[in-house]
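Please look over the sequence and the 3D structure below.

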Amino acid sequence: VNMALDRAVLARAIAGGTESPVVRLYRWHPPTLSVGAHTDLPAEVGDRCAAAGVTVVHRPTGGGCVLHDGDLTYSVVAPDGGRGVLDAYRWVAGGLIAGLSRLGITAEVAEHTPAGRPLNCFQAPTGADLAVGGRKLCGSAQLRRAGWFLQHGSIPIGDVRARTAELLGGPADDRSTCLEGAKPGTTWEDLANAIVEGFAAAWGSMPGRREVDPEEWHHCEVEHTGGQPKHIFVA
């Protein structure tokens, strides 16, 4: 449902349903491994996820695999405005950095490109990601269509590195961190509120807020029964 909603927001924007950036902040239930659009998931990973009760879903955006288990996931749908891929990443990163600074966390855009493409998204900071103290805190990936882009990102609240390693195979990475490591005691709600304030500061206006509209539910072919995922819309 989360991925379908993000695709629906993008489709509505392309069709002329909005002219402003839309930010959605959400979490997942049950725990889910999202797999980048260009990543082939080994069969044994799928088997381990099934045995552990972890759902597997494919993202329309790129990148590797991300375990969503208590993290804050964001999606941004926005006109590219002539921005290239890295410029768009940095434009979104401005809001994230401003939000994290409100929690006393100093983050910066990772400026190096890793060799190869690891299965675990958090093992390799790239120019699309944010790092704190040299360790990756937020991974991001993008899809571009018809003058618009959809960008996904994930900020882990607790430390899921060991569990991610168990599912994907191999040792736990030592190149990433989590919100608990950067700012102990910070809750999902604390982070969500700070990110909303950060986008408002970076983009120069306070956001409006709305729920998923019927057209977006129709696009993603999900019947709205009142049990939609936790989310905040910022238009």
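Is Trp203 buried, partly exposed or exposed? With a relative accessible area of 24%, Trp203 is partly exposed. Here buried means under 20% relative accessible area, exposed means over 50%, and partly exposed lies in between (1.4 Å probe, protein chains only).

This is a predicted model, in which local features need pLDDT of at least 70 and side-chain atom pairs count only at pLDDT 80 or more, while totals for chains, interfaces and linings use all residues. Residues are numbered from 1 along each chain as its sequence is written, and side-chain values use heavy atoms, with hydrogens and water left out.

## Aromatic rings

The structure holds four aromatic pairs. Rings of Phe, Tyr and Trp (its six-membered ring) pair if their centres lie within 6.5 Å; planes under 30 degrees apart count as stacked, over 60 as edge-to-face and the rest as tilted. Trp91 and Trp203 make a stacked pair, 4.4 Å centre to centre with 10° between the planes. This pair links distant parts of the chain, since Trp91 is in helix H3 and Trp203 in helix H6, 112 residues apart. Helices (H or I, at least four residues) and strands (E, at least two) are DSSP runs, numbered from the N terminus. Trp91 is partly exposed, at a relative accessible area of 22%.

Trp203 also pairs with Phe199; this pair is tilted, at 4.7 Å centre to centre and 45° between the planes. Both residues lie in helix H6, four residues apart, about one turn of the helix. Phe199 counts as buried, at 4% relative accessibility. Ring pairs join Trp91, Phe149, Phe199 and Trp203 into a cluster.

Two arginines lie over ring faces. A charge sits over a ring if NZ of Lys or CZ of Arg is within 6 Å of the ring centre and within 35 degrees of the ring normal. Arg83 lies over the face of Trp91, 4.0 Å from the ring centre, and Arg27 lies over the face of Trp188 at 4.2 Å.

## Nonpolar cores

A nonpolar core is a set of buried Ala, Val, Leu, Ile, Met, Phe, Trp, Tyr and Cys residues joined through side-chain atoms within 4.5 Å. In soluble globular proteins, nonpolar side chains tend to be buried together. The largest core here has 30 residues, and those with the most contacts inside it are Leu25, Tyr74, Val76, Leu96 and Leu191. Among the elements that each supply at least two residues of this core are strand E1 (22-26), strand E5 (72-79), helix H3 (85-101) and H6. H6 gives the most, with seven residues. A second, separate core of ten residues includes Val35, Val45, Val54 and Leu168.

## Thr186 and Ala182

Thr186 is in the loop between helix H5 (179-182) and helix H6 (188-203). Thr186 is buried, with a relative accessible area of 10%. Contact means heavy atoms within 4.5 Å. Not counting residues up to four places away in sequence, Thr186 touches Leu103, Ile157, Leu179 and Leu191. A polar atom of the Thr186 side chain lies 2.8 Å from the backbone oxygen of Lys183.

Ala182 lies in helix H5 and is partly exposed, with a relative accessible area of 28%. Leaving aside neighbours within four places in sequence, Ala182 is in contact with Ile105, Val132 and Thr177. The C-alpha atoms of Ala182 and Leu103 are separated by 9.6 Å, and these residues are 79 apart along the chain.

## Salt bridges

A salt bridge is a side-chain nitrogen of Lys or Arg within 4 Å of a carboxyl oxygen of Asp or Glu. By this rule the count comes to eleven salt bridges. The table gives some of them.

| Salt bridge | N to O distance |
|---|---|
| Arg163 and Asp69 | 2.7 Å |
| Asp159 and Arg161 | 3.0 Å |
| Glu197 and Arg102 | 3.6 Å |

Arg163 lies in helix H4 (residues 161-168) and Asp69 in the loop between strand E4 (65-68) and E5, so the pair ties together parts that are 94 residues apart in sequence. Arg163 is partly exposed at 27% relative accessibility, and Asp69 is partly exposed at 30%.

Glu197 in helix H6 and Arg102 in the loop between H3 and strand E6 (108-109) are 95 residues apart, and their pair links distant parts of the chain. Asp159 is partly exposed, with a relative accessible area of 48%. Salt bridges that share partners join Arg12, Arg210, Asp213, Glu215 and Glu216 into one network.

Terms used
Polar contact = N/O pair within 3.5 Å; in protein donor to acceptor, adjacent residues only side chain to side chain.
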